[in-house]
Structure formats: structure tokens, C-alpha cells
Amino acid sequence: MLAASIQVSGEPLSAAEVQDICDRLREDGVRLLSVRGCRLSDRDFGRVCRGVAASRCLVQLNLNLGVVSSIGRARHLADALAANRSLQTLFLHGSPLLDAGLEALNPALAAHPALVCLDLGDCLLGDAALALICGMLPPDGAKSGLRELTLSANPRITTKAWARFSVAVAHSSQLRVLNLDYNPLGDQIAAMLAVAVASSRTLEVLDLEGTGLTNQSAQVFLDMVENYPTCLRVLVLAENEVSSELQQQISDLLSEGEEDGREGPPPPPGHAPSSALQPIREKPLPWLPHSNSSLPTVMLTSGVGESLLAEAEI
């Protein structure tokens, strides 16, 4: 069966274009839907959510850059996630959710049977929201839990809440990728995260770019990777007051560990690696775009404004 990738960025969507998207979702003809930064009415947003609820093959949904712009829209999305069973990756970066929005979404996010990758960067989250996110990192493996989590640029979160989150990361049974860039963490929280990394049996990538760290934090990470076994393969310390020498030492040690053949656990049954579908991850300034997409694509234009429809066999 052929399924399309529908990608629209920064465009207003008409009712007819939304209807086209909804029809494709209900016909199980969409594997990746991205309406990043698009403008559509509340009514049409609700229609898209009902299409998401009905889809049985949608794997990735990108609503970045303000598409989920109100508590009402968060509730519509929560209803869709409660009914959907196929979604693996959800991007909400740059949505003004606040704690109330995440509270509306949390039951559906926590109970979703397939969701393994979640981007909540720049969503104006606070301590109450982070406490809920801790519950999405189960320690016992009874539920799949998140494998990739982005919490970039949520400066309302306090040091106390980050400390609690570090404990959850240490005990998470699934988390492999954690992006905390552009949060004012400082050396104290970085030290707690180093302990979490040392305790984790799964964490492979930690992004701490622009988080207010100094050589003090870097030295803790260096001691950790030099003296203790860890699954960590990538540690991002750019845009911090950390010497290039320390950064290089850490990078060299992590590279040595990777060359030794250190491997993390296999993905859960039935889950393709989400990196195979991911588009550009939103990054706070300075923006560093990158893409891990390996989805074979044929670029077409059809039906949905300036959308790109990519055909891929599933």
C-alpha cells in the first residue's frame, strides 16, 4: 500500500485543503502529516484532529510553530490522540501550551500505545508540566514510554523541577535521546544530569547546548565518560562557557566507546526507529537545521496548496 507524506509550512489552509487532508487521513493514505506554522480556523483544526483520530497508518504528526494555539485546540488534539493507535512521533515545538495545555494532553499522551518521540520545545511549560512529563518516562518497562524527548527553551521550569526530572531520566527504561538545549540549567542541574546519564542503561544522546554550563560541568561529564561505563554516544555542549579542549576530550572518549561496539537496546517490537521519519527538529536561535530523514520520496504537488506529497511503501 502507498501512503503519502503531506507537508505544508507557513501557509494558510482553506476549508477545501483541510477537507483533502481529512479525506486522505480517513482513507489511511497518510503516513506523515506536517502543517508546521500553518494558519487554519478552529473549526478546521478540529476536523484535522478527527481525521487523525480515524487514521490507522499515521506515524508522524508535526504541528510545530503555534498550530496548537489554545487550550481548546489542545483538547481537540487530546481527543484525537485518545482514539489514534498508530502515531509514533508528535511535534508541538513552539506551541503556547503552558501547563494547562499539557495537563489537557497528558492523559492521552501517557496512555498512547505507540508514541515514542515527543517534541515539547518552546511550549512555555512550567514545573507542573514537567512533573507530568516525568510520568511519561516509566522505570519498569511495562509500557514502551518515550524514547526521544525534546524540552528545549522552556525557561519557566525551576531548578527544583529539573532536579526531579533528572531522577526520572536516571530510572527511565526506554529514553535514548534527550534535548534540553537553551534552558537555563546551570552547573548544578548539569551535575545531576551527569549522574542520571551514568545510571541510565539507554540514554545515547544528550543536547545541552546553550544551557549556562561552565568547565565545572564539563569536568564532571569528562570524569564520568572516562571512568564509568555509559551508553552515551553524543553530548552537545556548544554555546556554553566550556573550553574547546574539554569538549574535544569528551567527544574523543565517546567516539572511542562507540568504536568499541557499545550498543543500546533494540527498539520495541513493531516500532520503526523514529529517526527514519523525522523532519528538521526546531532549534532555538542560533538555528542549526538538520535532517535524519531516510524516507524515499518523490516530490509532487497535488491538492493541498503548496504541499509536498511523498510516496513511500509501507
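In which strand does L178 lie? Select L178 to find out: the residue is in strand β7, residues 177-179. The tour comes back to this residue after a look at the whole chain.

**Before selecting anything else**

This is a predicted model, in which local features need pLDDT of at least 70 and side-chain atom pairs count only at pLDDT 80 or more, while totals for chains, interfaces and linings use all residues. Residues are numbered from 1 along each chain as its sequence is written, and side-chain values use heavy atoms, with hydrogens and water left out.

**The whole chain**

Show the chain as a cartoon. It has nine helices and 10 strands; helices (H or I, at least four residues) and strands (E, at least two) are DSSP runs, numbered from the N terminus. The chain has 314 residues, of which 53% count as buried. Buried means under 20% relative accessible area, exposed means over 50%, and partly exposed lies in between (1.4 Å probe, protein chains only).

Switch to a surface view. The accessible surface is about 13400 Å², and carbon and sulfur atoms account for 53% of it. Such areas come from the Shrake-Rupley method with a 1.4 Å probe; for residues, only the protein chains shown count as cover.

A contact means heavy atoms within 4.5 Å. Of the contacts between residues at least 6 apart in sequence, 82% join residues at least 24 apart.

**Colour by confidence**

Colour the chain by pLDDT, the predictor's confidence in each residue, from 0 to 100. The average is 85, and 80% of the residues score at least 70. Now select residues 263-279, where pLDDT stays under 50 and the model has 42 contacts beyond four places in sequence. Residues 285-314 also have pLDDT below 50, with 77 contacts beyond near neighbours in sequence. Where pLDDT is low, the predicted coordinates should not be read in detail.

**Helix α1**

Select D20, in helix α1 (residues 15-26). D20 counts as buried because its relative accessible area is 18%.

**The cavity**

V48 also belongs to the lining of the largest cavity. Rolling a probe the size of a water molecule over the atoms shows where empty space is left. On a 1 Å grid over the protein atoms alone, a cavity is a set of points where a 1.4 Å probe fits but cannot get out, and lining residues have an atom within 4 Å of a point. Grid points are joined across faces, edges and corners, and a volume is the space filled by probe spheres set on the points.

By this rule there is one cavity of 30 Å³ or more, and the largest cavity holds about 70 Å³ of space. Select its lining: L13, V35, L40, F45, V48, C49, V52, L61, L63 and L77. Helix α2 (residues 42-54) gives the largest share of this lining, four residues. By class, the lining has 10 nonpolar, no polar and no charged residues. Here Ala, Val, Leu, Ile, Met, Phe, Trp, Tyr, Cys and Pro count as nonpolar, Asp, Glu, Lys and Arg as charged, and the others, Gly among them, as polar.

**Two loop residues and a strand**

Go to L65, in the loop between β3 (60-62) and α3 (71-83). Its phi is near 65°, a positive value in a residue other than glycine. L65 is partly exposed, with a relative accessible area of 38%.

Next, select T89 in strand β4 (residues 89-91). T89 counts as buried, at 1% relative accessibility. N62 is 27 residues from T89 in sequence and 8.2 Å away, C-alpha to C-alpha.

Move on to D122, in the loop between β5 (117-119) and α5 (127-134). D122 has a positive phi near 55° and is partly exposed, at 36%.

**Back to L178**

L178 is buried, with a relative accessible area of 0%. Beyond four places in sequence, L178 touches L149, F165, V169, L203, V205, L206 and D207. R147 is 31 residues from L178 in sequence, with 8.5 Å between their C-alpha atoms.

**Last stop: N240**

Select N240, in the loop between β9 (234-236) and α9 (244-259). Its relative accessibility is 11%, so N240 counts as buried. The residues that N240 touches beyond four places in sequence are L208, E209, G210, T211, G212 and L213. One of these, T211, is 29 residues away along the chain, and the C-alpha atoms of T211 and N240 are separated by 6.6 Å.

Terms used: 1 Å grid on protein atoms, 1.4 Å probe; cavity = no way out; pocket = protein on both sides within 12 Å on 5 of 7 lines; lining within 4 Å.
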